[in-house]
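Here are a few notes to read alongside the model.

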Amino acid sequence: GNVLTPSDSERFIQFLTVPYIRIPLMLDFFANGDPGRLAALKTKSLQLIVDASLFEPGNWKPVDYTEIIMEVPVVDKDKLDELLATPHGTLFNEIAK
C-alpha cells in the first residue's frame with residue numbers, strides 16, 4: 001500500500017477500464033513517468049495487477065474476420081466486444097503493431 005501517489009493511483013485504475021488500449025497506457029505509465037512508479041513495481045500486489053493486465057488473453061476472433069467499425073459509438077455491447085477482439089490476444093496484438 002501507499003506505493004503510488006493518490007493521483008498516480010487514480011490514473012492507474014483508469015487504465016484498467018479501457019481494455020483495448022490498457023497495455024500501451026500501462027507500459028508508458030511505468031516507463032516514461034516518475035522513477036518512483038517503476039520502483040513501486042517491487043510491491044507484489046502491484047506486480048500481480050500489472051501481470052494480470054498484460055497477460056489477460058481478452059476476446060478472440062478468427063484471423064479471417066473482416067468486419068470493421070462503421071459507427072461510433074458502438075451501442076451494442078456484444079458487437080463492441082466482437083469488434084475489439086484480436087486473433088492472437090491483446091499482448092501479441094500490441095507486439096505485432
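1. Buried here means under 20% relative accessible area, exposed means over 50%, and partly exposed is in between (1.4 Å probe, protein chains only). By that rule Arg-22 is buried, with a relative accessible area of 10%. This is a predicted model, where local features need pLDDT of at least 70, side-chain atom pairs count only at pLDDT 80 or more, and totals for chains, interfaces and linings use all residues. Residues are numbered from 1 along each chain as its sequence is written, and side-chain values use heavy atoms, with hydrogens and water left out.

2. Let's take the helix pair next. Helices are DSSP runs (H or I, at least four residues), numbered from the N terminus. The axes of H1 and H2 come within 9 Å and cross at roughly 155°; axes are lines fitted to C-alpha atoms, for helices over the stretch in contact, and angles run from 0 to 180 degrees between N-to-C directions. That makes H1 roughly antiparallel to H2, a label for angles over 145 degrees. In contact terms (heavy atoms within 4.5 Å), Asp-8, Arg-11, Phe-12 and Phe-15 of H1 meet Arg-22, Leu-25, Met-26, Phe-29 and Phe-30 of H2.

3. Now the charged pairs. A salt bridge is a side-chain nitrogen of Lys or Arg within 4 Å of a carboxyl oxygen of Asp or Glu, and the count comes to 5. One of them joins Arg-37 to Asp-8, with the closest N and O atoms 3.0 Å apart. Arg-37 lies in helix H3 and Asp-8 in helix H1, so this pair ties together parts that are 29 residues apart in sequence. Both Arg-37 and Asp-8 are buried.

4. Arg-22 turns up again here, in a salt bridge with Glu-56 (2.7 Å, N to O). Since Arg-22 lies in helix H2 and Glu-56 in the loop between H4 and H5, the pair ties together parts 34 residues apart in sequence. Glu-56 is partly exposed, at 40% relative accessibility.

5. Finally, a peptide bond worth a look: Val-72 and Pro-73 are joined in cis, with omega about 0°. Pro-73 lies in the loop between helix H4 (44-55) and helix H5 (77-83). As background, most peptide bonds are trans.

Note on methods. Helix = DSSP H or I, 4+ residues; strand = E, 2+ residues; numbered from the N terminus. Parallel < 35°, antiparallel > 145°, perpendicular 65-115°, else oblique.
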